[in-house]
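Hello,

Here is the structure I promised to pass on. Have a look at it first, and then read on for what turned up.

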Protein chains: 2
Amino acid sequence: MTKYPEDLRDLVEAELETLELGENDGRDAAGLIEAMRYSLLAGGKRVRPVLALATARALGRDEREVLPFALAVELIHTYSLIHDDLPAMDDDDLRRGRPTCHVAFGEDVAILAGDALYAEAFHLVLTRQAGEPAAVLAAVAELAGATGVSGMVGGQYLDVATKAPEGADGLRRLHALKTGRLIVASVECVLLISGMSEPATMPFRAFAAELGVLFQIVDDILDVTGTDAALGKPQGSDERLGKRTYVSEFGLEQARELARASHHQAREHLAAAAPAGAPELEQITDFIYTRTS
Amino acid sequence: MTKYPEDLRDLVEAELETLELGENDGRDAAGLIEAMRYSLLAGGKRVRPVLALATARALGRDEREVLPFALAVELIHTYSLIHDDLPAMDDDDLRRGRPTCHVAFGEDVAILAGDALYAEAFHLVLTRQAGEPAAVLAAVAELAGATGVSGMVGGQYLDVATKAPEGADGLRRLHALKTGRLIVASVECVLLISGMSEPATMPFRAFAAELGVLFQIVDDILDVTGTDAALGKPQGSDERLGKRTYVSEFGLEQARELARASHHQAREHLAAAAPAGAPELEQITDFIYTRTS
């Protein structure tokens, strides 16, 4: 198994565990908070927040400076999983080996848990993220853009409503929105909070965009080749839902070749972004390529 | 019928009509944008954004300065209606005399249309609201807090999961969260954007909090006394859902007395907040008390 920046993951895990959801008067909504925490603390590699923290390190900053933003990204990712799993969407009963949120808490509570995680993500970053106010504003604006019509939710719409627009290009656009933009934002927002000039950030952006592509190709391959146990959900669910994927579009062998080329490209962009090396970002890139779940 | 600041409503209506949802590459998500606009442009008094604009006027400012924030509040209100109407929630088929979003577009698209409206609300205010960056940050943080666990979504959770915590106090807490906090935020965020000091804003806050209470009492009364045609949805739906309301808790006559007292209190607070008068805020307060739908 490829090395992974476990210290950053541990930091994310510990911070999520103690994160206060809602303000002091949260007692009435204890059942809602329980559902939010159930999904939020289901484990996983925490790729997006770890990516954000690793980007801070690659810029020579203390990763703790961007913790509120990193945690917010994980809250948003969790919200998207809860809504994606709903009966009206992908209708998944299992996620990371456990009953999905709506199975455990009911569909009404699951919808609201997703809604609330999204709200608390913004609340967290807006109240706790340090930095120049104008830079924080720009970062949160990017986060909102990356998760709206022209980002994550728009991509999910394409996925459920159209199964993907025509052709390989349509498939790429779907994934660029559905999973790509939040992965890019995990890097991009750290650049914005750091106040780096646009030219200096271009190689990082190219790296992040390629990482988003790589993530999805591997995801599609794993849906075909992974085991239920490793995936924590039934293998083959894309096919069951009639979804177009990199595998259905190109075949397994060609998809593997695309993943190899994408990994190579991501590492090239990263080398250009951080000529002196960025060990954690390199590890994340390799992990995304070689992961088995 | 009480006078209403129709010029402010017309401004909101015109701006919503031309509002661009999503970035330039929205073509793939055209069907999603259609569902968002279907619910967003269903008419109504636009109480929350009009309240925000009227607050700006009461502070002696040009209401156009807070338009992005005002529109964002209406996007959020629309998102909450779409999700509240879902089969897993209140299961309403009609809203403002038209099929609800999930009836018109399917449950999956309706969930995503709500999600996307919330994202675009933040994107709008974060990219277009003028003001000191620190003041805008504080206002958007308040908006996120008002719509999360300790606000709108927490209140909706209480409504669907518990039908309201015990006693009249529990009912008040539910409504303070579910409808109150977004109404308060419609005033509060304008105060924050305006950079007013906290002591100067206290009477406005007291006014807004009372207005939220008044709004809900009248809502509960109308659910019993209104006609289907005026309400645009079946009368008596609270009772059908077994919900506790001001009417079920206190009876119709006592609820009417509470509304009268709340209206009086709101006007008193407003007189303290704006000793020289604030015609539009006065009109909104009277309208909320005397409305028939």
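What rotation superposes chain A on chain B, and with what shift along its axis? The rotation is 180° with 0.0 Å of shift, and the RMSD is 0.0 Å. That is the relation of a two-fold axis. Copies are superposed by least squares on the C-alpha atoms of residues with pLDDT of at least 70 in both. The residue of chain A that comes closest to the rotation axis is P133(A), with its C-alpha at 2.7 Å.

Some housekeeping before the details. Residues are numbered from 1 along each chain as its sequence is written, while chains are lettered from A and ligands numbered from 1 in the order in which they are written. This is a predicted model, in which local features need pLDDT of at least 70 and side-chain atom pairs count only at pLDDT 80 or more, whereas totals for chains, interfaces and linings use all residues.

The chain as a whole

Chain A has 15 helices and 2 strands; these are DSSP runs numbered from the N terminus, helices being H or I with at least four residues and strands E with at least two. Its C-alpha atoms fill a box of roughly 50 × 45 × 35 Å along the principal axes. The radius of gyration of chain A is 18 Å, which agrees with the value near 19 Å that a compact globule of 293 residues would have. That radius is taken over C-alpha atoms, and the globule rule is 2.2 Å times the number of residues to the power 0.38.

Of the 293 residues of chain A, 56% count as buried. Here buried means 20 or more other C-beta atoms within 10 Å of the residue's own, exposed means 12 or fewer, and partly exposed lies in between, with C-beta atoms placed from the backbone. Among the contacts in chain A with a separation of 6 or more, 72% join residues 24 or more positions apart. A contact needs C-beta atoms, placed from the backbone, within 7 Å.

Where the chains meet

The contact takes 49 residues from chain A and 49 residues from chain B. On the side of chain A, the elements that give two or more residues are α2 (30–40), α6 (107–128), α7 (133–146) and α8 (152–162). The largest share, 14 residues, comes from α6(A). By class, that side of chain A has 29 nonpolar, 12 polar and 8 charged residues; Ala, Val, Leu, Ile, Met, Phe, Trp, Tyr, Cys and Pro count as nonpolar, Asp, Glu, Lys and Arg as charged, and the others, Gly among them, as polar. Since 100% of the interface residues of chain A are also interface residues in chain B, the copies meet through the same surface.

Helix α2(A) is worth a look here. Its buried residues include L32(A), I33(A), M36(A) and Y38(A). The buried residues of α2(A) pack against α1 (6–18), α4 (67–85), α5 (101–105) and α6 of chain A, together with α8 (152–162) of chain B.

Helix packing

In chain B, the axes of α7 (residues 133–146) and α9 (residues 167–193) come within 9 Å and cross at roughly 175°. Axes are lines fitted to C-alpha atoms, for helices over the stretch in contact, with angles from 0 to 180 degrees between N-to-C directions. α7(B) and α9(B) are therefore roughly antiparallel to each other, the term for angles over 145 degrees. Their contact has 12 nonpolar, no polar and 3 charged residues.

L258(A) sits in helix α14 (residues 252–273) of chain A and is buried, with 21 other C-beta atoms within 10 Å. Leaving aside neighbours within four places in sequence, L258(A) is in contact with I217(A), Y246(A) and F250(A). L258(A) and I217(A) are 41 residues apart in sequence, yet 7.5 Å apart in space, C-alpha to C-alpha.

Two backbone angles

R96(A), in the loop between β1 (94–95) and β2 (98–99) of chain A, has phi near 50°, a positive value in a residue other than glycine. R96(A) is partly exposed, with 14 other C-beta atoms within 10 Å. In chain B, D91(B) lies in the loop between α4 (67–85) and β1 (94–95), and its phi is near 55°, also positive in a residue other than glycine.

Best wishes

Note on methods: Two residues are in contact if their C-beta atoms, placed from the backbone, lie within 7 Å. Angles under 35 degrees count as roughly parallel, over 145 as roughly antiparallel, 65 to 115 as roughly perpendicular and the rest as oblique.
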